Each structure stands twice: as structure tokens, then as C-alpha cells.
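Me: I would like a close look at one part of this model. Please keep to a single surface and take it step by step.

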Protein chains: 2
Amino acid sequence: MKLLPLHERIRTDIESQILSGAIGPGDKIASESGLMEVYGCARMTVNKALSRLSAAGLVDRRTKAGTFVAKRPNEMMVLDVPDLPVEIVRRGQAYRYRMIQRLERAASPHDEEEQRFAERGRLLFVSGVHIADDQPFAYEERLVSLNAVPEIAGADFTSEPPGSWLLRHIPWTEAENRIGAVGASAQSAEILHIPTGAACLTIDRRTWRGEKYVTHVHQQFVAGRYDLVARFGAVQRGS
Amino acid sequence: MKLLPLHERIRTDIESQILSGAIGPGDKIASESGLMEVYGCARMTVNKALSRLSAAGLVDRRTKAGTFVAKRPNEMMVLDVPDLPVEIVRRGQAYRYRMIQRLERAASPHDEEEQRFAERGRLLFVSGVHIADDQPFAYEERLVSLNAVPEIAGADFTSEPPGSWLLRHIPWTEAENRIGAVGASAQSAEILHIPTGAACLTIDRRTWRGEKYVTHVHQQFVAGRYDLVARFGAVQRGS
DNA sequence: CAGTGGTCTAGACCACTGA
DNA sequence: CAGTGGTCTAGACCACTGA
């Protein structure tokens, strides 16, 4: 039985009142000076608790007016997008990667995104398949800017996916994920051992390092073999 | 040109050093007392900046050892899962909802999840289609626990989707989203005006209020007509 | 104009843990 | 044991805004 710091106790007290419905959207919460008396503590302590609730989107604070339960749940869901090898091993399956194609080429003159991406340099294209327990799990195609990551030219991707290499070498990034669905093309259907046109979940991830556009990966998952889970709830990220 | 509070300036200073790669994963950051001298401020001020960076996952703090740039980017992506009518209108399209079926029934004796869900009460089942500019956009099936939300029995869902009604009446929730893909069944294919088996993006969302399991909705989106976007980056949630 | 939240100070004691 | 972060205090001044 570990004792919570006081500001955590105040925060969880208010949080549970909100989540239980005891106080509802728009309701006013006691002021900082009010809570100081209730908990017999300094103002900085209640301020810390309320600031965290505000950062988490559970309350709105307005100078002079007071602190109010936020009108709607935070619409932001937290989505876990893990490294595929890690995810597969975590499921207790054997992970394997097989490269299909690798080539260096210039950016397509017709593709504006590739132009910006390459920054007048060349691009590395790698396609391959992620395999879990000898069953094809996901097909992926990746483009890497050789301008942004020149060292990658010498890396070996016959059995290690470029994503893992990049995670080790380009650690800090900004990323955008786009999640959709598509019917498998003849080519990817053959690789994934499914009928042409069968439904696949797709993830397109673009990654930057600072201002530099590093890589774009397109992954196709056989429908039902992989789901993404996002959760929003009372459990916020710790301090 | 608005002046940032000092703790925000300290936070963004360190944040940009991390995101630019000037300091890398595992590197040690100046201690609180060191930063006090650099910025000529009190310890609480640098503590606030560093605590926020820690909460955002950009640094790890260890008592006695110091503060370090976190080993890997936070794998949590922020996913925006908005209300469908709002989303469609925001795209500049006309929104319409058409109910297909509505019925009240007992929980299936063979479905353990439904049993827990209903808590020995009855369930409301509503299916319908979301329409954007006269084109079917998403098919949805929803179950609502009448035990958790008795008021919903009297609501009219012929042209308003139950999700919007619930947002207005059951405002604070915990939710889990599961995102996948599926080939359209004969029934949903007809409703969505697509061939049977065509790829669809699916979202399954389960919502609680406190401990009470309120609703489960299954939505199918025609592939390509709707993508989910998740982003991780330098821009953290404000205070 | 009174009360609120936003910010900041200059201290304090503590637990922890690497050297 | 020295230095670190975690927490907390008891003040302070400020901008803002609803009554």
C-alpha cells in the first residue's frame, strides 16, 4: 500500500467524481482556494492537480470564472502503433522477414510528394513480407530518402526489415499514420496467400526527423489477422 | 508577439533540441539546479518544464541519476475519432442518416459479452447508414444497454443516429476502438452500393460510463472513402 | 472590483542511488 | 555521502473577467 503524493490524490479524487458521473459536463469545481482548505495544503499543490486534469482534457479552466468539467470527452484516442517484429514476438509467434525487392532510383518526375521527399537525392525502395509462424502477416513497401539517411545504402535488408534498422539509427521522429482498407492487388494477394481483392487493412506511415522527410512505408495486413486498438479512458499517462 | 511563460520557454527549448537531433536518446540533460542558473529562475519553474516533458514521454527522469532524453519516441499515436456527422459536415458534405432496423431484445444466451453488457436487462439494437452527399458512407450496427441508459427507449432514431443522441446524453465515457478490415457481406454491400466482398474499413467501439458498459457500435466504411489519421510529433497537448 | 486562475519565488525535507 | 529529482510550503504579483 503505497501512499500517493497529495497532488495525485487530489487529481484522482476529482477524476473519479467526473468519470463516475457524480459531477457532469459544465459543472463547476471548487476553486483552488476552496480545495486548499479541503485538503489543508498549499495552493501550488492543488494547482498541480488541476493543471494535470486540464492538460488531460478533463476540465476547462477559465481565469476569474473557475474550473469546469469539460463539455465532452477528449476525442483524442491513444493508438499504439508498435514495431511489427516486437508485436509479433509479444504474441508468442516466431517472427521472420523476407525481402522481395530492393533498388535505388530517382524520384518520379510525376510524383510531387516523392520530389519533396528526395530533395534532389535518390530514393531507396525496399519491399518485403513480415512472417509470423511461417504465415505471411503483412506486405510492405518502403521508400527511404538517401539524402536524409545516406548510411542506409550499406545496410542489409535480406532478413531484417528496414523499419527496425531505422528505429535503431534514426531514433527521434515525427510521424503520421493513415489507416485505411484496400482490396489486395494480384501481386500482394500472391505474397500474402489470399485471393485477389480480399480485404486488407492498410497503414501508411510517413516519418520525419526534424524538418527532414525520412521515410514512407505502406503496409498491408490480411483482414482479421491484425487489428489496431485505441483506448481512451480514465487512465492517463503518468507523470 | 506574445511572450511565452518562462516554463514554456524552457520546455520548448529542450524539446526543440531533442527533435532537431542536437541531443540524442540517452543523452543527459542539465540538472534542475543547472537549469536554474542558466535561466536565472526558481527550481519549481524548471521542474514544471521537465515534468511536462516527462509526462509527454520525451525524457526519462531518475532520482539521483538525472534527466535523460527518452530512448525511443513515444509509441503512442494520437488518433482522432470524431463524431461522424461532425466529420462529414466538416468536409463540406451534406450529412444524412437513415435507420434500417430497430428492435429491443434480450441478450443472446450464447454471447458472453452481451450478457455482461446487458446486466440482466434488455438491449436496444439499431442499424442504419450514414450518408454523405447522397452517397452511402458508412453502415453501422449498434447495441445499447437499456439497463445503463433507460432513457434511450423513448428516443427517435429514424433520422438522427444513436451515436449523436448518446453523445448528448451520456457525455463522459471510457472507450475502446478496434480498427480492422473486412470484406462486405451481401447485406452491407447492398446498403453501401458496393460489390459483395469489397474491402471495408471497420471500427468497433465499446463505450463505458464509469463501470457501466453502455454501448457497442460496429461501423463499416467503404475502402478509400474514409481514412483514419494518427499523428505523433513535436506538438504536444497544451496546458 | 472582487475573485479566479497563471505564474513565479526562495526556501524546505525527503528518498533514492550512483560513485 | 553528495547530488538528484519528488514534493510541498507560504507567500507574491499579475491579467483577466464576470457580477
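Predicted model: local features only at pLDDT ≥ 70, side-chain atom pairs only at ≥ 80, totals over all residues.

Reply: Residues are numbered from 1 along each chain as its sequence is written, chains are lettered from A and ligands numbered from 1 in the order in which they are written, and side-chain values use heavy atoms, with hydrogens and water left out.

Of the atoms of DNA strand C that come within 4 Å of the protein, 57% belong to sugar and phosphate.

Some approaches can be described atom by atom. The side chain of Arg43(A) has an N or O atom 2.7 Å from a base nitrogen of DNA strand C. Arg61(A) places a polar side-chain atom 2.8 Å from a phosphate oxygen. In Ala42(B), a polar backbone atom is 2.6 Å from a phosphate oxygen.

Two or more residues each come from α2 (32-39), α3 (43-55), β2 (59-62) and β3 (66-69) of chain A, and from α1 (6-20) and α3 (43-55) of chain B. Here helices (H or I, at least four residues) and strands (E, at least two) are DSSP runs numbered from the N terminus. The largest share, 4 residues, is that of α3(B).

By residue type, the surface has 6 nonpolar, 10 polar and 8 charged residues. Ala, Val, Leu, Ile, Met, Phe, Trp, Tyr, Cys and Pro count as nonpolar, Asp, Glu, Lys and Arg as charged, and the others, Gly among them, as polar.

Notes:
Near = heavy atom within 4 Å. Polar contact = N/O pair within 3.5 Å; in protein donor to acceptor, adjacent residues only side chain to side chain.
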